[in-house]
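Here is a friendly walk through one protein model, from its overall fold to its charged side chains. Have the viewer open as you read.

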Amino acid sequence: MTIFEESGITYEEKDGLFYPNISTETEDANVGKYGLMWMEYMKENAPDRYRSLLRFGRLKEKASEVNEEAYEMLESIENKYLEKSKPVNPSSTMEMWKLREQARMAAEEEVLSAIVYHYC
């Protein structure tokens, strides 16, 4: 009996060869937008850290933490921006939309540089 069979891993036969049915935790990972961006960044820029987190089963957990922290920071920055920048005509839909878009872009830029594109 092989080590894979002892640990409960099944095999699949293809062309007369047996391949273990192994999958990584990054498949179907529901870690959110910023969590996925962070995982991709880590994979490209810190492959050793990425593989270590993957190997010990902490990658998805860490990506979820990054995603949660990013959204908290995003909301905080947007709210501060909207408090500072008061619209000239609050009943104007287009003006409010532009103001909210500016707040989102400014906040997202800061979140990406401070949290997502940072070694955690």
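The report below starts with the fold and then turns to packing, salt bridges and charge.

This is a predicted model, in which local features need pLDDT of at least 70, side-chain atom pairs count only at pLDDT 80 or more, and totals for chains, interfaces and linings use all residues. Residues are numbered from 1 along each chain as its sequence is written, and side-chain values use heavy atoms, with hydrogens and water left out.

**Fold and packing**

The protein chain has 5 helices and 2 strands, in the order α-β-β-α-α-α-α along the sequence. Helices (H or I, at least four residues) and strands (E, at least two) are DSSP runs, numbered from the N terminus. Of the 120 residues, 22% count as buried; buried means under 20% relative accessible area, exposed over 50%, and partly exposed in between (1.4 Å probe, protein chains only).

Helix α5 (residues 93-116) has several buried residues, among them Leu99, Ala103, Ala107 and Val111. The buried residues of α5 pack against α2 (32-45) and α4. From helix α4, Glu78 is in contact (heavy atoms within 4.5 Å) with Ala103, Arg104 and Ala107, leaving aside its neighbours within four places in sequence. Glu78 itself is buried, at 14% relative accessible area.

The loop between β1 (11-14) and β2 (17-20) holds Asp15. Asp15 has a positive phi of about 55° although it is not a glycine, and it is exposed at 82% relative accessibility.

**Salt bridges**

A salt bridge here is a side-chain nitrogen of Lys or Arg within 4 Å of a carboxyl oxygen of Asp or Glu. The count comes to 6 salt bridges, including these:

| Pair | N to O distance |
|---|---|
| Glu12 and Lys14 | 3.7 Å |
| Arg51 and Asp48 | 2.6 Å |
| Lys62 and Glu65 | 3.9 Å |

Arg51 and Asp48 both lie in helix α3 (residues 47-55), 3 residues apart, about one turn of the helix. Lys62 and Glu65 are likewise 3 residues apart in helix α4. An α-helix has 3.6 residues a turn, so residues three or four places apart point the same way. Is Lys62 buried or exposed? Lys62 counts as buried at 17% relative accessibility, while Glu65 is partly exposed at 36%.

**A negative patch**

Glu68, Glu69, Glu72 and Glu75 form a negative surface patch, with Glu75 placed in helix α4 (residues 59-84). Patches are made of residues with over 30% relative accessible area and no salt bridge, like charges being joined within 9 Å and nonpolar side chains (Val, Leu, Ile, Met, Phe, Trp, Tyr) within 5 Å.

Notes
Areas by Shrake-Rupley, 256 points an atom, 1.4 Å probe, with all protein chains shown as cover. Lys, Arg positive; Asp, Glu negative; His and termini not counted. Charge placed at Lys NZ, Arg CZ, Asp CG, Glu CD.
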